[in-house]
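Let us walk through this structure and look at how its parts meet.

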Amino acid sequence: MQYIGYGSLKERAAAEIRSAIVRGDLEPGTAIKDVELAEKLGLSRTPVREALATLTDEGLVETKPHAYTRVTALEAEPVRDALVVVQAMHALAVGLAVPKMTAEDIAAMRTANKAFKKALDADDAVAALAADDEFHAVAVHCCGNFAIAATIDRFTPLVRRIEHSRFSSPNARHSVTQHQQIIEACEQGDYSLATTLVDQNWSTLQEEL
């Protein structure tokens, strides 16, 4: 984890700890001590405790007062439940977004997919995850539905670890082709096909469970 300077506090602490969990630097079951984390991040204990509370809400950390705070086990059922919701929201988002998409939106999707492929070619799962986020974010932003965006934000953290696992394997290369097919459907204005393709793209994560 990286040292965090003054300014970001809870949000940046949560992001750094979350990334460490997703990457596997903090493995399932690892005990977490706020004093040690605060020292590593260069923060006081208060923002670190607040960050851990956020991660607890997200399902990445579990705590029992006066007993333990630890990284949650990667259990299939809660992750599968979250994935079903995230998958459905992304499919719904693209279906609503297609009629509103501009040439700039299509170009942004192409740019993100190129970055995604480049990251996979470099075996950089973290960069691939970021590029994949950018790709799908185009439709989420374009659809203009705050409830869809909020639901995705709420449940995505639970599927992050299997996303990272997927993008660390050769199987992820198929997503580049799937993304291209989604782009073509969006460009043609075929919202039904785009919806089906996005649903299929997210369903590949089931293989990691």
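Buried area is the accessible area, taken with a 1.4 Å probe, that two parts lose on being put together, summed over both. The size of an interface is often given in this way. The model here is predicted.

Now turn to the interface. Domain 1 and domain 2 bury about 770 Å² between them. Carbon and sulfur atoms carry 64% of that area. On the side of domain 1, Val22, Glu58 and Leu60 lose the most area to domain 2. Together these three residues account for 56% of what that side buries.

Contacts can be counted as well. Nine residues of domain 1 are in contact with eight residues of domain 2. What of the polar links? Between domain 1 and domain 2 the count of salt bridges is zero. One residue pair, with both members at pLDDT 80 or more, is in polar contact across the interface.

Which elements of domain 1 give two or more residues to the side that touches domain 2? They are helix H1 (10-23) and helix H3 (45-58). H1 gives the most, with three residues.

The side of domain 1 that touches domain 2 can also be sorted by class. Five of its residues are nonpolar, one is polar and three are charged. Those charged residues sit on a side that forms zero salt bridges with domain 2.

Methods: Residues numbered from 1 in each chain as written. Predicted model: local features only at pLDDT ≥ 70, side-chain atom pairs only at ≥ 80, totals over all residues. Heavy atoms only, no water. Contact = heavy atoms within 4.5 Å. Salt bridge = Lys/Arg side-chain N within 4 Å of Asp/Glu carboxyl O. Polar contact = N/O pair within 3.5 Å; in protein donor to acceptor, adjacent residues only side chain to side chain. Helix = DSSP H or I, 4+ residues; strand = E, 2+ residues; numbered from the N terminus. Nonpolar A, V, L, I, M, F, W, Y, C, P; charged D, E, K, R; others polar.
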